[in-house]
Amino acid sequence: TSGNAEADHVYNLIIDYTWKEILSNDEKAVLMAKAFFIHSVSETDLGQVAGVNNKRLHSAIKTLASISFFEPQKPGQQRIQTHALAQEFAKRVFIDYPDLKKEIEERWWAGYGSEVIRKGRQTPYKSLQPELKIDVANVLEHLEHHIHKRSSFYRQALLLFGGREGLGHILLSWSQYDGILRVAESIKELIAKEENGELIESCCLKLIVPAFILLGRIDEAERWIGLAVEQNARLHDRCLEAAIEMAHGYLYSYHGYLLAQEQAYQKALAIFQELGNVMNIFMVYEKLGSLYICLAGQGLEEAIDTSGKIKTKLEKAEYYFEQAAKLKNKETIDQDTYNFYCRFSGHRGIITRLRGGSLDKARDLIQNIIGQLHWSSTVAYFYRELALIEHLAGNKDLAHSYEKKGTALLRQLGLLHFKKNSIFNHSRKVIDRMKQEGTW
């Protein structure tokens, strides 16, 4: 209300009367549960958090819409929108009914939050539906709230956001950096006191540092790496030490120091091998293979190597990919490792094109995995690689179509002018040169 004492009094009377005399227990539970979703939510998810289902749920939703707490549903609409009044109502009621709030909160953690993250991790970027993006936004808002307020759930929220399989890594793969950086501001002092080396690795070095680098905010990235180094001076965690080397390697790639990048990755690899950490060894092999493709394309001006001058570097790339492939069946492969494995096929497509091999084979290797990729930027870059392959094959209209798709997606992601050294630099360089020469 406006803060007027009389208005506040009337408002409180209305709330008390509505709560005690109008709403049934099911309607109360559904209304209070909706307060945990700042954006729209499906009926099924709302019912799970409310602890109400089937006909009772539909009846409660219908009643709440009839008294304007919920927005009226259009035919076929399965997501619930809330009138702003409902959020205010819930805040007021939760003051007097903390046990109800706790009960609903626990159901949110037990079901909705972790289920949305599971779906987000398993869904390739090209298969994303708007509803999943809205659900991810709901979860992000809720985790942010608990982290910022340092509530009794804040530790749980921090792990669900920044843990190895947390929501933050979904946002990173979708190139949605704003949410990551908002949370980063709230957790900096927490990380500075963190005793869990694995959390520092996953949240600080594999999530926040890459987000800052991709935004070109290198000073901030270096500060977060420094924070991890400072912590590990006390923790003496060998796995964290290797992760710090990996982060330095990623930073070197931004500056174009590719040999320094390789050195950092080799140091990390030696530590992971010493520890027997199969999944991280797998990841480093993939990154070393990608790095050698990047090194191969660095000094090559043409689309295809006709002289054989990059032969050794391409063989080195294939060696690292083969080493990674040998590890695939050694233990259960998690979602991140599976994503890396999907990219191998695309990487081999680039190698095939650079060598002057079959363009049909190069095209198939990339097209077979582009629909399985989870990283939005990788999808965009592979569109550009397909554009170059089709141009070399004489399919100029298709080449232009792929190039436009890739450019449009990079522009949408805010990465169109990002210049970090990667395996895709060569195709971009060749296409840009063709455009300047008027041959594209």
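Here is a short chat about a predicted model.

Q: What kind of model is this, and how are residues numbered?
A: It's a predicted model, where local features need pLDDT of at least 70, side-chain atom pairs count only at pLDDT 80 or more, and totals for chains, interfaces and linings use all residues. Residues are numbered from 1 along each chain as its sequence is written, and side-chain values use heavy atoms, with hydrogens and water left out.

Q: OK, which residues have the most contacts inside the largest nonpolar core?
A: Those are Val-30, Met-32, Ile-187, Leu-205 and Trp-224, in a core of 147 residues. Such a core is a set of buried Ala, Val, Leu, Ile, Met, Phe, Trp, Tyr and Cys residues joined through side-chain atoms within 4.5 Å, and buried means under 20% relative accessible area, with a 1.4 Å probe and protein chains only.

Q: And which helix gives the most to this core?
A: Helix H15, residues 278-298, with 13 residues. Helices here are DSSP runs (H or I, at least four residues), numbered from the N terminus.

Q: What does Val-30 touch?
A: Not counting residues up to four places away in sequence, its partners include Leu-46, Ala-50 and Phe-70. Touching means heavy atoms within 4.5 Å.

Q: Switching topic: how many disulfides are there?
A: Zero in the whole structure, a disulfide being a pair of cysteine sulfur atoms within 2.5 Å.

Q: Is Cys-203 buried or exposed?
A: Cys-203 counts as buried, at 0% relative accessibility.

Conventions:
Buried < 20%, exposed > 50% of the residue type's maximum accessible area, 1.4 Å probe, protein only. Helix = DSSP H or I, 4+ residues; strand = E, 2+ residues; numbered from the N terminus.
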